[in-house]
Amino acid sequence: MDAPSPFFEDLPDDHKSGYVALIGKPNVGKSTLMNAMVGRKLSIVTRKPQTTRNRVIGIHSDESHQVIFLDTPGIIKPQYRLHEAMMGQVESAVRDADLLLFLHDVTQDSPDTFSLEQAGERPAFLVLTKMDLIPNEQALPLVEKYTELRGFDEVVPTSAVKGTNVGTLLDLIVDRLPQGPPFYPKEMVSEHPERFFVAEIIREKVFQQYHEEIPYSVQVNIVEYEERTNEKDFIDAEIVVNRKSHKGILIGKGGRALKRLGTAARKDIEPFVQSDVYLQLHVKVRKDWRDQESYLKSYGYRG
């Protein structure tokens, strides 16, 4: 007889586990909130819209429960095949989830009816984000408008930046989850490999360093990741852009801009992978890659 999985041992009879998808339009704070609830930065956070492209999994566990959060791309009307793949990620997350967190940025005073349609009839909380930016009473009309559109199991005002109601929201989520054993070992915080997060860190630094000079369409791929004994790990990453002019901006005069980018990325990568790294960056131009099925598949995007 096979030995039981070690993360099924000594579980309380009322242990809970389940999947919780965070959905909403771009820039409502999904990634920031998931990072706060998991207690570790897993999803990159920038001011650029549609920063999250893949369904990012973050896992929060303790002795009594395990919550698997699904951070999803912002809901949009697709303009490229890349967008279609991203919206496919949203649809699959909604299907898989035991509970939806529908996020709305309270600085926007009209309900997001388009995104709400994607939630269907799944059990959902209405989570108001960025509450530190307005007086509490200012959100009441927005809540009334939403509750006229559909029923929510809970309405929770939050500020992930300030930590407001993050713990309360987590408690409410756990209360609604079904009883069952954990899906992952309790020490895991995500199922994604390290190279996924390394690529995301580099992409985040591109957005932060170049601001509006480099558009959202930039892609980062890890070409090689070699863990080494007694020397720095070796990471070779390519940055893909649509235009030759973008390549010049990324590299900068004498390669100085790319060197700054590498230094900034390495400072975040090393504590994440808990190792010193030698990071090698190079830039490639691939015109219209967002509409090329072959590129999308090779970069790991699935509908």
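These legends describe close-up views of aromatic contacts in a predicted model.

**View 1. Aromatic pairs across the model.** The count comes to six aromatic pairs. A pair of aromatic rings is described by the distance of the centres and the angle of the planes.

**View 2. Phenylalanine 102 against tyrosine 146.** The ring centres of phenylalanine 102 and tyrosine 146 are 5.7 Å apart. Their planes meet at 70 degrees, so the pair is edge-to-face, the cut-off for that class being over 60. Phenylalanine 102 belongs to strand E4 (residues 99-105), and tyrosine 146 to helix H4 (residues 140-149). The pair therefore ties together parts that are 44 residues apart in sequence. Phenylalanine 102 and tyrosine 146 are buried.

**View 3. Phenylalanine 197 against phenylalanine 272.** Here the centres of phenylalanine 197 and phenylalanine 272 lie 5.1 Å apart. The planes of these two rings are at 45 degrees, so the pair is tilted. Phenylalanine 197 sits in helix H6 (residues 194-210). Phenylalanine 272 sits in helix H8 (residues 256-273). The pair links distant parts of the chain, 75 residues apart. Both phenylalanine 197 and phenylalanine 272 are buried.

**View 4. Arginine 40 over phenylalanine 272.** Arginine 40 lies over the face of the phenylalanine 272 ring. Its distance from the ring centre is 4.5 Å.

**View 5. The cluster of Phe102, Tyr146 and Phe152, with arginine 150.** Ring pairs join Phe102, Tyr146 and Phe152 into a cluster. Arginine 150 covers the face of phenylalanine 152, at 5.1 Å from the ring centre.

How values were computed
Residues are numbered from 1 along each chain as its sequence is written. This is a predicted model: local features need pLDDT of at least 70, side-chain atom pairs count only at pLDDT 80 or more; totals for chains, interfaces and linings use all residues. Side-chain values use heavy atoms; hydrogens and water are left out. Rings of Phe, Tyr and Trp (its six-membered ring) pair if their centres lie within 6.5 Å; planes under 30 degrees apart count as stacked, over 60 as edge-to-face and the rest as tilted. Helices (H or I, at least four residues) and strands (E, at least two) are DSSP runs, numbered from the N terminus. Buried means under 20% relative accessible area, exposed over 50%, partly exposed in between (1.4 Å probe, protein chains only). A charge sits over a ring if NZ of Lys or CZ of Arg is within 6 Å of the ring centre and within 35 degrees of the ring normal.
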